[in-house]
Structures are given as C-alpha cells and as structure tokens.
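Keep it short, and define each term where it comes up.

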Amino acid sequence: MIGAAMSGRIADLIGRRATMGFSEMFCILGWLAIYLSKVAVWLDVGRFLVGYGMGVLSFVIPVYIAEITPKELRGGFTTVHQLMICLGVSVTYLLGSFIGWRILALIGMIPCVVQMIGLFIVPESPRWLAKVGTWEEFEIALQRLRGECADTSYESSEIKDYTKRLTDLSKGSLVDLIQPRYAKSLFVGVGLMVLQQFGGVNGIAFYASSIFESAGFSSKIGMIAMVVVQIPMTTIGVLLMDKSGRRPLLLISATGTCIGCFLVGLSFSLQVVSLFSGETSYIALTGVLMYTGSFSLGMGGIPWVIMSEIFPIDIKGPAGSLVTVVSWIGSWIISFTFNFLMNWSPAGTFYVFATVCGVTVIFVAKLVPETKGRTLEEIQSSIGYVQL
C-alpha cells in the first residue's frame, strides 16, 4: 500500500520508465534479503521491499502500456499484464511444490533483472514526455513506437494540443482531484476497484483449498481445476478486449461471478439442511470454477485497463495512486476478514459476495464508459475534461 500510494507521484516526477527501474531495484533487493536471510526479521524486510516494489509496479505498468499502445490494441496489450500475473502465480505454485523457498526467491529475481535490462531498450511514454514539455524527445519516442514509416502527425498534434490545454487548467495535485470535472472518472475508477475486491476474489483465491474442503471436495483437484480454468479464460479476455469492448466483457464477467458465488453459497446452504448431500461438493466446485473463469475474463484485468484510460495526464499520477491504494486496501480487508466471515456463515459469506457482484453489473451498465477504439484524448474529452 505504501508503494501504491507513492507510485503516481514518482511516475509523474521521474517518468514511467525510470519508475519501473526504481521499483525493480526494490524487488531485487527484497528477493536477495529473503534468499540470504538467517533470521526471521530479514524475511520480513525482504517481503516489505518486494511488496513496496510491487505496489509501485501495479500502477505504473498498466499506465505505461496504455500510454504507448495504439487505440486498436490498447485494451488487449494492457490486459496481457493480468495474463502474465496469472502465468507467474501458476508457475510459482508449481515450482513451490518441488523446490525450496530460497531457490524460489532466486527465481523471483529473474524477471526483475530481465525487466531492468529491457528498460534500456524501450522508449519513455510519449504522453509523459509531452506533459513535461520535452517535445523533441516526445516526437522521437512516438515515431519509434509507431514505426519509422508511420505518419504520426495527427496523433502527435492531438496529444500536444490536449496536453497543453490540460496543463493550463491543473497542476496535477491531490487538491485538484476534488474538482467537479474529475468526479465521474474518480467515481468509476474507485468504484470498479472497490467492487472488484469486495466481490471476494482474494478470499476465494487465498482460501480456495479450505473452501473445497469445507464443501467436501478434494482441495488438490479443485486447485488444479482453478489453474486450468484461469489461464485460458484470461487469454480469451485478452483476445476479445479490443473486439467486443470493455463494457460487454465486464457485464458478462460480473454476471458470471455473481452466479458462481450464489452456487457456492447454495452448496453450503444445502449442507446445513442435509439436502442433496452427495451433490453439494460438485455444486461448490462448479461455483468456484465459474467465479474464477468469469473473473479472469473481465473483472480481473479490465478495471486496471479503465483506470489507465479515463484519467487525463495532469491528474493521472494522484488519481491512479488513489485507485491503486483502494485496490490494495480492499484486498487486505477481504483477505483479513474472510476466515471470520466463514466462521460466521459460509453460505452467508458467499451470498454477500454474490450481492456485491450483482451491484457490479448495475454499476457497469449505468456508469462505466466504453473506451474501445478511441484514443486516450478522445476518451477523456468525452468524459468532459477538455474538448478536442
């Protein structure tokens, strides 16, 4: 949460590329501290450093991807970030079954080092360069991203004009966030993150094995089935993002998570009244897999895509930090309270999650704008910041 709170300010001050390098240094030092630790305190130090670095990365990576990609590919490219997280978690779980935690910490350093090397190759975000007024570097970076033969004159002019008008209106401080013209985008960005987390994703992910055991199903088979469902569904979401749009995927995803939570709650309710005792474990498995697949399709990655698209460059730092902090706080609350909720009522817990997912469907249908196929400047202009 500390890293998330500072991420926007750092990214605005030193740029997107330098911020990624800054955060990766913390991750590398953290993994080294874990690997070399002889006492428990160094494990805590290592986890703190890695957590800080990941907090910064969770904001700057989707923002960087959204700012450098063309409008036709932006959604899919930004969601690939979520797919890589799914793959990374799955591979780590798999490796953790066969090797010790010290070697796992060394392996954790590999992607950090690879990214550090890659940062010497990739260009800075043209939109950040425009924000700080380095126009020559802005033109070079944009041309490099679009290709030597591409005509970037229209895109360049649009970014320049829009950025100049925004910087005349706001200096991008936290105080600027309370201005009425930013209210809708803040409500949408924060609302999506709150609904994403309070729909129960981290409770289900972290305690999946105990959920399966409580429902009378094999936790090992259930966990394997979750991984098998998660990666293909995330891949489908990536492929459909720039074809079907963000809103349809969000609506389908939220509806699926609502039904999935309801089925899990129903399985626990049937256990209490001793009805269909042989089938309740399969109802629970179906519900968890439906939730996992539906969440991976849209609710896992699209809120981060929307966050990276709807905020104008002048307040993207503070607004993005706020949204990211809300996400991490929500994650902590659900992870911390999930066991208490399950002790209170397993069925009631999942009915509450189903209700939140149902509210998400209404929220998306009424408030979330479609951003497919539009430049960032067109999206932000449609919300009403500055007209193109």
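In which helix is the place of W31? W31 sits in helix α2, residues 16–36. Helices here are DSSP runs of H or I with at least four residues, strands are E runs of at least two, and both are numbered from the N terminus. This is a predicted model, in which local features need pLDDT of at least 70 and side-chain atom pairs count only at pLDDT 80 or more, while totals for chains, interfaces and linings use all residues. Residues are numbered from 1 along each chain as its sequence is written, and side-chain values use heavy atoms, with hydrogens and water left out.

W31 counts as partly exposed because its relative accessibility is 23%. The classes are buried, under 20% relative accessible area, exposed, over 50%, and partly exposed in between, with a 1.4 Å probe and protein chains only. Leaving aside neighbours within four places in sequence, W31 is in contact with V50, A105, G108, M109 and C112. Contact means heavy atoms within 4.5 Å. I107 is 76 residues from W31 along the chain, yet their C-alpha atoms are separated by 8.9 Å.

## Helix pair α12 and α14

Helix α12 spans residues 219–244 and helix α14 spans residues 280–299. Their axes are 7 Å apart, and the packing angle is about 30°. Axes are lines fitted to C-alpha atoms, for helices over the stretch in contact, and angles run from 0 to 180 degrees between N-to-C directions. α12 and α14 are therefore roughly parallel to each other. Angles under 35 degrees count as roughly parallel, over 145 as roughly antiparallel, 65 to 115 as roughly perpendicular, and the rest as oblique.

The crossing of α12 and α14 is right-handed. A crossing is right-handed if the near helix is turned clockwise from the far one by less than a right angle, and left-handed if anticlockwise. From α12, the contact takes in G222, A225, M226, V229, Q230, M233, T234, I236 and G237; from α14, it takes in L285, V288, L289, T292, G293, S296 and L297. These residues of α12 and α14 divide into nine nonpolar, seven polar and no charged. Ala, Val, Leu, Ile, Met, Phe, Trp, Tyr, Cys and Pro count as nonpolar, Asp, Glu, Lys and Arg as charged, and the others, Gly among them, as polar.

## Helix α15 and its partners

Helix α9 (residues 183–198) and helix α15 (residues 302–310) cross at roughly 165°, with axes that come within 10 Å. α9 and α15 are therefore roughly antiparallel to each other. Their crossing is left-handed. S185, V188, G189, L192, M193 and Q196 of α9 meet P303, W304, I306, M307 and I310 of α15. The α9–α15 contact has eight nonpolar residues, three polar and no charged.

α15 also packs with α13. Here the axes come within 11 Å and cross at roughly 145°. The α13–α15 crossing is left-handed. R246, L249 and L250 of α13 touch I302, P303, V305, I306 and E309 of α15. That contact has six nonpolar residues, no polar and two charged.

## Buried residues

T257 lies in helix α13, residues 246–272. T257 counts as buried because its relative accessibility is 3%. Beyond four places in sequence, T257 touches Y291, S294, F295 and C357.

P126 is in helix α6, residues 126–131. P126 is buried too, at 2% relative accessibility. Not counting residues up to four places away, P126 touches E67, I68, F138, A141, L142 and L145.

M342 belongs to helix α16, residues 316–344. At 12% relative accessibility, M342 counts as buried. Outside four places in sequence, M342 is in contact with F268, T349 and F350. M342 and G203 are 139 residues apart in sequence and 10.0 Å apart, C-alpha to C-alpha.

## Cysteines

How many disulfides does a search of the whole structure find? The search finds zero. A disulfide is a pair of cysteine sulfur atoms within 2.5 Å.

Two cysteines illustrate the result. For C86, the closest cysteine sulfur is in C357, 17 Å away, so it is too far for a bond. C86 is buried, with a relative accessible area of 6%. For C258, the closest cysteine sulfur is also in C357, at 6.0 Å, too far for a bond. C258 counts as partly exposed, at 23% relative accessibility.
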